[in-house]
Amino acid sequence: MSGPDPSPFGPPPDLGPPKPPESGDSASFASRLALAQRAGGAVVPLLTTILAFLIGGLVVLATTGKNPLTTYKAIFEGAGFNWFFEVGSYQLRVPFTDSHIWFPWNTNDFESLAALNLQQTLIFWVPLVFTGLAVAFAFRCGLFNIGGQGQYLVGSIMAVWVGSSLPQLPGLIHIVAAIVAGALAGAAWAGIAGLLKALVGAHEVISTIMLNWVAIWVGVFLFGLGGPLQNDTQEFVPVSNDILDESKLKVFWGDPLLQGLHVGFFVAIAALVVYWITLNRTTLGYEVRAVGYNPEAARYGGISVAKNYFLAMAISGTFAGLAGAIDIVGWQFRINTNDVLLSSIGFTGIAVALLGRNTAFGVALSGLLFAALITGTSTRNLDPEIFKPELASNLTLLIQGLVVLFVGADVLILSLLGLRKRRRRRAVETPA
Amino acid sequence: MIERLLAKLPRGARAIAWVGILVGVLAFWVALPPLAIRHPILPILIGVVGIGLGIGALSRGVRRLAWGAVVIGVLGIALGYLATRSSVGHLDQVVVWSALTAAMLRYATPLAFAAMGGLFSERSGVVNIGLEGMMLSGAFFGILGADKLNHWALGLLCAALAGAGFALIHAFFAIHLRADQIVGGFAINFLAMGITGYLFIDIYSGEGTPPDVSDIPDVHLGFLKDWYFVGPIFGQLNLMIWLAALTIVATWVVMFKTPIGLRIRAVGEHPRAADTVGISVYKIRYAAVVLSGVLAALGGAYLSIGFVNSFNQNMTAGRGYIALAAVIFGNWRPWGAAAAALLFGFSSALAQRLPAYSESAAVLFQALPYVLTLIAVAGVIGRSIPPAAVGRPYKKQ
């Protein structure tokens, strides 16, 4: 703790408030993303994805000598996307009635393996949409919520606790209670980081990273051997109690015993709509975006920056908490300590938001991409004859890393685009 | 020399607060072996004295330290009371000071390496969330090198190169492309996890690393063997632990006693001013980030070929983030970060031994570093002030 003063130029306050807006160097990441969005639109994420897959393919070729295209095709089929190509003439039961209508795809998973795989992909799509929206919402306020994982975990912990206790509650209320409890827990968890940011200016990245690990260890503590929420009957298994049958979500496609697609799917779609409306059609969304573009300007405009930091984090945490809660009531029904330690849905959410450019539509699409990668490379779905699933799941991580790396380098893409525009302008000027 | 040290000691009310803190710790300590007082009255009395000293200092206007003394006094009473209530057998099993200290050093070593790396990077103005990934790459390429080249020193070299490679990617995106540094670092973590996991499965095909990999040797200090307390701790420590201590000293010297350190800090505080006086901001930042990758990777290599002698997918399990926390908790200073690494190492060591009491409560000690860092960034105990230009890309004019 000895040693001279760290700052060789005197204390920073001499420089006045933090204000160097020199040529957009220090503009917040959110505002730069917005800029990139206007410049590149969907082109940048597309290029990014193609580049990432290209490099991933090279890795496959270099290490195993296998044709990357065959591998990617196997992943594609493992994710069940070939279901859309199996067009025929089938019957689809209309919900709540006994009548059937004509449908071009086979929805019966005893006849179509692709349907089974696609259900798995969509099951993963649901939490990825939520965690993606969580990260995206905070981004729009200029905050980087890296703590989606922790908020997801507290959400699932609360949902499993509510879902496995209170047997006197009737079915639907029980489901809603579990989901709301999870959402509130996520909001509170992220709210801590938002509060710290709003009150003392603690950087949200640091505090959310710390909260992630606190959540992980709290989860291990609760469900570990001898922990307060550990299973009542299986004394030597570090797992929670199963949630009660009436607090499980209904499966609307596929067999509940084979992990069919649950109705949380529609909640995810609703969340996408809510996200879009909140951001684009409400005062709250306007203020959040204003703070995200330029907090100083927003302050001059009479918007409370501190309040919006807190609100944005809390809403962001609500999305992530919902992801955890819906995973519990939708298909997991219990958590063990291994899930707590190894789950990475919240982290993948960051990649989803970045690739989706923080828009509802983008999050839906990039969520589908990552969900497909996760299911397509799982041991259950990927044909081991073609490619080892253990290898492929690491390939997923690699592609994920590359996507985040390239999307983060928006300046590179911006400058490329700028260069092209300039060149075009010159080309127009010279003949004149 | 001694006079200069004495002049640095706290005086007046600050001294009272410090004594209060020490007394608060003492309240817990008397209830532990070797003293193991069995009656709760003594820890309570000592704790009350500590609280009294804290309040005394508080009335003289020392706020933070005094509150620290009060809190530690209360904790000392509570923990001391708990210790007197538990059986002596358990206490003896858990609190073997020499073993606990040695374990603390073992757990703190990877953290210290990575924290020193993080310090260089952050002081030069580049946030390095990628420490975790660089550490993981060091752990894997360290054991891979040691296995294939049959010598641990070559393993360390491989680890350092791998860490430098990942750091170079981070540096290129953060400095030249001016990408967001947090996103970039995060991508490094994903990349490192994917690449090490992929190669691990590809090369060792799921059977794990061979058991006979050349590992980093321990340093045997025979003459210490019969010394009370010191012998069991320092008599047989891994080479890397001593290197970590050396690294900490070297970091302090370089950062605060050499022109290079001054330049690094200048670039991290006010890059434009540094640029004007002829310091190359880009060069300094590149060097600092690459160095941080090398150091983090060495910490990771200690994990795989010095500590557990095997590799597992994602074996660093968040240690890079704890190292980052140590940097922040230590207020971006070498000694502070080292002290934080020791504290976090101690809480890991305790978590390893506490299961004698309760399996589940021990786990909570794993969360301690993160909670402490949260409290630190919340500004409750002291205020952590990052380098002024950290996280901001610099654009040459």
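What percentage of the 397 residues of chain B count as buried? The figure is 53%, where a residue is called buried if 20 or more other C-beta atoms lie within 10 Å of its own, exposed if 12 or fewer do, and partly exposed in between, the C-beta atoms being placed from the backbone. In chain A, buried residues make up 53% of the 432 residues. The model is a predicted one, in which local features need pLDDT of at least 70 and side-chain atom pairs count only at pLDDT 80 or more, while totals for chains, interfaces and linings use all residues. Residues are numbered from 1 along each chain as its sequence is written, and chains are lettered from A and ligands numbered from 1 in the order in which they are written.

We can begin with the overall build of each chain. Chain B holds 17 helices and two strands, and chain A holds 16 helices and four strands; here helices (H or I, at least four residues) and strands (E, at least two) are DSSP runs, numbered from the N terminus. The radius of gyration of chain B is 23 Å, close to the 21 Å given by the globule rule for 397 residues, so chain B is as compact as a globular protein of that length. That radius is taken over C-alpha atoms, and the globule rule is 2.2 Å times the number of residues to the power 0.38. Along its principal axes, the C-alpha trace of chain B spans about 60 × 55 × 40 Å.

Contacts tell how each chain folds back on itself, two residues being in contact if their C-beta atoms, placed from the backbone, lie within 7 Å. Among the contacts in chain B between residues at least 6 apart in sequence, 74% join residues at least 24 apart. In chain A, residues 24 or more positions apart account for 74% of the contacts with a separation of 6 or more.

A pair of helices in chain B shows such packing in detail. Two packed helices are described by the angle between their axes and the distance between the axes. Helix H7 (residues 131-148) and helix H8 (residues 152-176) of chain B pack at an angle of about 145°, with their axes 7 Å apart; axes are lines fitted to C-alpha atoms, for helices over the stretch in contact, and angles run from 0 to 180 degrees between N-to-C directions. On the H7(B) side the meeting residues include Gly133(B), Phe141(B) and Leu144(B), and on the H8(B) side they include Trp152(B), Leu156(B) and Phe166(B). The residues of this contact divide into 14 nonpolar, seven polar and no charged, where Ala, Val, Leu, Ile, Met, Phe, Trp, Tyr, Cys and Pro count as nonpolar, Asp, Glu, Lys and Arg as charged, and the others, Gly among them, as polar.

The two chains also touch each other, in a contact that takes 54 residues from chain B and 51 residues from chain A. On the side of chain B that touches chain A, H9(B) gives the most, with 14 residues. By class, that side of chain B has 33 nonpolar, 12 polar and nine charged residues.

Next come the nonpolar cores, each a set of buried Ala, Val, Leu, Ile, Met, Phe, Trp, Tyr and Cys residues joined through C-beta atoms within 7 Å. The largest has 241 residues, of which Phe130(A), Val404(A), Ala115(B) and Ala326(B) touch the most other members. Helix H4 (residues 113-140) of chain A gives the most to this core, with 19 residues. Leaving aside neighbours within four places in sequence, Phe130(A) is in contact with residues including Ala268(A), Phe319(A) and Leu322(A).

Some single residues complete the picture. Ile157(A) lies in helix H5 (residues 148-164) of chain A, and Ile157(A) is buried because 26 other C-beta atoms lie within 10 Å. Beyond its neighbours within four places in sequence, Ile157(A) is in contact with Gly219(A) and Leu222(A).

Asn358(A), in the loop between helix H13 (345-355) and helix H14 (360-376) of chain A, has a phi near 60°, a positive value in a residue other than glycine. With 24 C-beta neighbours inside 10 Å, Asn358(A) counts as buried. Ala317(B), which is not a glycine, has a positive phi of about 45°, and Ala317(B) is partly exposed, with 17 other C-beta atoms within 10 Å.
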